[in-house]
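This briefing covers helix packing, nonpolar cores, ring contacts and charge pairs. Please read it alongside the sequence and coordinates shown below.

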Amino acid sequence: MDIVLLAKAAVMGVVEGLTEFLPISSTGHLILAGSLLGFDDAKAKVFDIAIQTGAIFAVILVYSQKIRATLVALPTERQAQRFALNVFIGFLPAVVLGLLFGKAIKAHLFTPVVVATTFIVGGFIILWAERRAPVATRIEAVDDMTPLDALKVGLVQCLAMVPGTSRSGSTIIGGMLLGLSRKAATDFSFFLAIPTLIGAGVYSLYKERALLSLADAPMFLTGLVFSFISAWLCVRWLLRYISTHSFVAFAYYRIVFGVVVLATAWLGWVQWAE
């Protein structure tokens with residue numbers, strides 16, 4: 001058993017769990033962390049996608065009461081059926097566009113410089129969204145959303161196909177600009193992540209199954225466990241945080257972090273792997 005490899009898997013799991021549901025891009029952080037750790041070969045790229053499942057298990061745990069109530073009521077209650085339909089509708093654009101453009105995006109955009117640039121651009125977009133005239137809130141809770149609202153948020157989620165953009169940032173900020181309350185946008189972002197990330201993980205494992213063997217199981221299990229634990233702590237914290245704070249702090253973090261990556265690359269202080 002390679003202890004160094006397991007340590008790298010643990011670090012990557014923590015990075016995934018802490019960044020997946022914050023508007024700072026987990027994929028971007030994984031690309032940068034993998035570059036620094038030398039954990040960026042083809043198998044590592046499958047690992048990065050697969051361990052998202054660990055983070056999703058944390059969301060399922062945090063929202064277990066809502067999920068259980070929806071599943072129980074699904075056969076008979078209209079509200080539960082509409083909620084499930086909205087999640088499905090919001091999930092579909094990522095499936096379609098991912099199948100059409102995912103391979104090309106991974107081939108050309110999964111680089112530290114692209115990530116750093118989108119960090120900075122995304123940070124300024126968050127600042128603009130938070131400081132512009134408030135959008136009238138039409139939807140206070142996810143149960144109030146219409147299928148059209150879900151489709152719009154699902155389309156916005158597709159912006160996160162560009163690494164460094166942030167899936168949660170796109171859906172939360174996009175949802176708020178579409179008239180969802182901060183709480184409703186955050187909740188729907190989490191619910192939308194369940195089919196999106198589980199689907200991406202299963203598809204990636206199946207597609208790249210020839211790269212993997214039973215010997216890789218400890219590495220993947222380590223990443224999943226650390227991803228789950230750190231995501232569970234992060235989600236619980238974020239739900240408390242948004243009740244009294246905006247996302248401005250995350251915007252400044254994105255901008256500063258992106259500038260640091262670009263500066264260290266330009267000055268030659270860090271050899272970021274392409």
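Which side chain meets that of Asp-149 in a salt bridge? The partner is Arg-138, with N to O at 2.9 Å; a salt bridge here is a side-chain nitrogen of Lys or Arg within 4 Å of a carboxyl oxygen of Asp or Glu.

The model is predicted, so local features need pLDDT of at least 70 and side-chain atom pairs count only at pLDDT 80 or more, while totals for chains, interfaces and linings use all residues. Residues are numbered from 1 along each chain as its sequence is written, and side-chain values use heavy atoms, with hydrogens and water left out.

**Salt bridges**

- Six salt bridges are found in a search of the whole structure.
- Asp-149 belongs to helix α8 and Arg-138 to the loop between α7 and α8, so their pair ties together parts eleven residues apart in sequence. Helices are DSSP runs of H or I with at least four residues, numbered from the N terminus.
- Asp-149 is buried, at 6% relative accessible area. Buried means under 20%, exposed over 50% and partly exposed in between, with a 1.4 Å probe and protein chains only.
- Asp-216 and Lys-43 meet through their side chains in another salt bridge, at 3.1 Å from N to O.
- Asp-216 counts as buried at 10% relative accessibility, whereas Lys-43 is partly exposed at 26%.
- Asp-187 forms a salt bridge with Lys-183, and the closest N and O atoms are 2.6 Å apart. Both residues lie in helix α10, four residues apart, about one turn of the helix.
- Asp-187 is buried, with 8% relative accessible area, and Lys-183 is partly exposed, with 41%.
- Leaving out residues up to four places away in sequence, Asp-187 touches Tyr-63, Val-142 and Leu-239; contact means heavy atoms within 4.5 Å.

**Nonpolar cores**

- The largest nonpolar core has 44 residues, and those with the most contacts inside it are Phe-21, Met-145, Phe-188, Leu-238 and Phe-247. A nonpolar core is a set of buried Ala, Val, Leu, Ile, Met, Phe, Trp, Tyr and Cys residues joined through side-chain atoms within 4.5 Å.
- Two or more residues each come from α4 (52–62), α6 (78–109), α7, α8, α9, α10, α11 (217–241) and α12 (248–267). Helix α10 gives the largest share of this core, nine residues.
- Phe-188 touches Asn-86, Val-87, Val-142, Met-145, Ala-150 and Val-153, again not counting residues up to four places away in sequence.
- A second, separate core has 13 residues, including Met-12, Phe-39, Ala-44 and Ala-50.

**Helix α9**

- In helix α9 (residues 167–177), ten of the eleven residues are buried. Among them are Arg-167, Ser-168, Ile-172, Ile-173 and Met-176.
- The buried residues of α9 pack against α7 (112–131), α8 (147–157) and α10 (182–207).

**Rings and charges over rings**

- There are twelve aromatic pairs. Rings of Phe, Tyr and Trp (its six-membered ring) pair if their centres lie within 6.5 Å; planes under 30 degrees apart count as stacked, over 60 as edge-to-face and the rest as tilted.
- Tyr-253 and Phe-257 form a stacked pair, 5.5 Å centre to centre with 25 degrees between the planes. Both lie in helix α12, four residues apart, about one turn of the helix.
- Tyr-253 is partly exposed at 35% relative accessibility, and Phe-257 is partly exposed at 22%.
- Phe-21, Tyr-63, Phe-83, Phe-190 and Phe-191 are linked into a cluster by ring pairs.
- The charged end of Lys-66 sits over the ring of Phe-83, 4.5 Å from its centre. The criterion is NZ of Lys or CZ of Arg within 6 Å of the ring centre and within 35 degrees of the ring normal.
- Arg-209 lies over the face of Tyr-206, 4.2 Å from the ring centre.

**Cysteines**

- The disulfide count is zero, where a disulfide is a pair of cysteine sulfur atoms within 2.5 Å.
- Cys-158 is buried at 9% relative accessible area, and Cys-234 is buried at 7%.
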